[in-house]
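This briefing concerns how two protein chains meet in a structural model. The sequence and structure are shown first.

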Amino acid sequence: MLENLTGRLLELLPFGFFHFFAMLITLCSLMTILSRNPVKSAIFLVINLFLLAGVYALLESHFVAAIQILVYAGAITVLFVFVIMLLNLKAEAGPRFNLNVLDMLMFLICGLGIVLVAARLATSGLPGVEAITDGSSQALKQLGGHTLVVASVLMTKYIWPFEIASFLILLAIIASVVIARKEEVKK
Amino acid sequence: MNLIELSFILAIVVFMLGFIGILTRRNLIMTLISIELMLNAVNLVFVGASRLHQNVDGQIMVLFVITVAACEAAVGLAMVIALYRRYGTIENDFFRILRG
């Protein structure tokens, strides 16, 4: 009886964590787009990215979760905060609420889309979701876990995209230096 | 409802919030931050689909998306700095050079 209860609790634990994360992510996303102060927005973005890393870990993508924290929450957001501080921005005067008909129509379509897709997912579920069993997860564990499998696939099947990505980063470094460089005054 | 469906719903919500952020905010940096939100929603869908199909290709796509997002943030913020230096403002509505 007690073992049964513990097993049931362990089954429900990921769901509890997921709902906790999802609630906080929605809240932080809202705060990100609603804060008047860009610095506050960036801080809420960091919190959001950390919580998303938690969701990735719940979905058993441990490597992606680690990279999310290292690259996204660590590097990209620092870049944002740095630029915001550099520009010394004042808080905005407020969102533009002089919506015209086209904007209203766009919001309406967005809202309708959210409601429709959520209702579709809530009522019938995705096709094929039921097909998953825990067996394949066990098989992945026997192969050495997600991280090992990701690494081996990345280094074999996706080696060319990987190299091209490194070249893209090089190009981005050069481009950002050239674009942000101070223009020389022509005489 | 299992974790994958729930994460898809969460991704829809985050994506739409990012989209609304792009539409309503009038600051170029806020536009970039909203784009980051939308990219994260897409990453969440990739990870969920990877779990759904028990296939790690989705997770590798997330790594590439993160790479491209980092490049986009770097170049975009460099452009923001250049625009601020040139015009003294980064309000969205100010820039209408390309408008005929």
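Between chain B and chain A of this predicted model, 9 residue pairs are in polar contact, both residues at pLDDT 80 or more. A polar contact is a pair of N or O atoms within 3.5 Å; within protein, one must be able to donate a hydrogen and the other to accept it, and residues adjacent in sequence count only if both atoms are side-chain atoms. The model is predicted, local features need pLDDT of at least 70, side-chain atom pairs count only at pLDDT 80 or more, and totals for chains, interfaces and linings use all residues. Residues are numbered from 1 along each chain as its sequence is written, chains are lettered from A and ligands numbered from 1 in the order in which they are written, and side-chain values use heavy atoms, with hydrogens and water left out.

**Chain B side of the interface**

- Helix H1 (3-24), helix H2 (28-53) and helix H3 (57-87) of chain B each supply at least two residues of the side that touches chain A; helices (H or I, at least four residues) are DSSP runs, numbered from the N terminus.
- H3(B) gives the largest share of that side, 25 residues.
- The residues of this side of chain B divide into 47 nonpolar, 12 polar and 9 charged, where Ala, Val, Leu, Ile, Met, Phe, Trp, Tyr, Cys and Pro count as nonpolar, Asp, Glu, Lys and Arg as charged, and the others, Gly among them, as polar.

**Extent**

- In total, 68 residues of chain B are in contact with 81 residues of chain A, contact meaning heavy atoms within 4.5 Å.
- About 6900 Å² is buried between chain B and chain A, and carbon and sulfur atoms give 77% of this area; buried area is the accessible area (1.4 Å probe) that two parts lose on being put together, summed over both.

**Helix pairs**

- The axes of helix H1 (residues 2-34) of chain A and H1(B) come within 9 Å and cross at roughly 5°; axes are lines fitted to C-alpha atoms, for helices over the stretch in contact, and angles run from 0 to 180 degrees between N-to-C directions.
- H1(A) and H1(B) are therefore roughly parallel, the term for angles under 35 degrees.
- Their contact includes Phe15(A), Phe18(A) and Ile25(A) of H1(A) and Leu6(B), Leu10(B) and Leu17(B) of H1(B).
- The residues of the contact of H1(A) with H1(B) divide into 14 nonpolar, 5 polar and no charged.
- Helix H3 (residues 62-87) of chain A and H2(B) have axes that come within 12 Å and cross at roughly 175°.
- H3(A) and H2(B) are therefore roughly antiparallel, the term for angles over 145 degrees.
- The residues of the contact of H3(A) with H2(B) divide into 12 nonpolar, 3 polar and 1 charged.

**Salt bridges and backbone**

- The count between chain B and chain A is 2 salt bridges, each a side-chain nitrogen of Lys or Arg within 4 Å of a carboxyl oxygen of Asp or Glu.
- Arg51(B) forms a salt bridge with Glu60(A), the closest N and O atoms being 4.0 Å apart.
- Arg51(B) lies in helix H2 of chain B and Glu60(A) in the loop between H2 and H3 of chain A, so this pair joins two chains.
- Glu60(A) also has a positive phi, near 65°, although it is not a glycine.
- Gln54(B), likewise not a glycine, has a positive phi of about 50° and lies in the loop between H2 and H3 of chain B.
- Most residues other than glycine have a negative phi.

Definitions and conventions:
Parallel < 35°, antiparallel > 145°, perpendicular 65-115°, else oblique.
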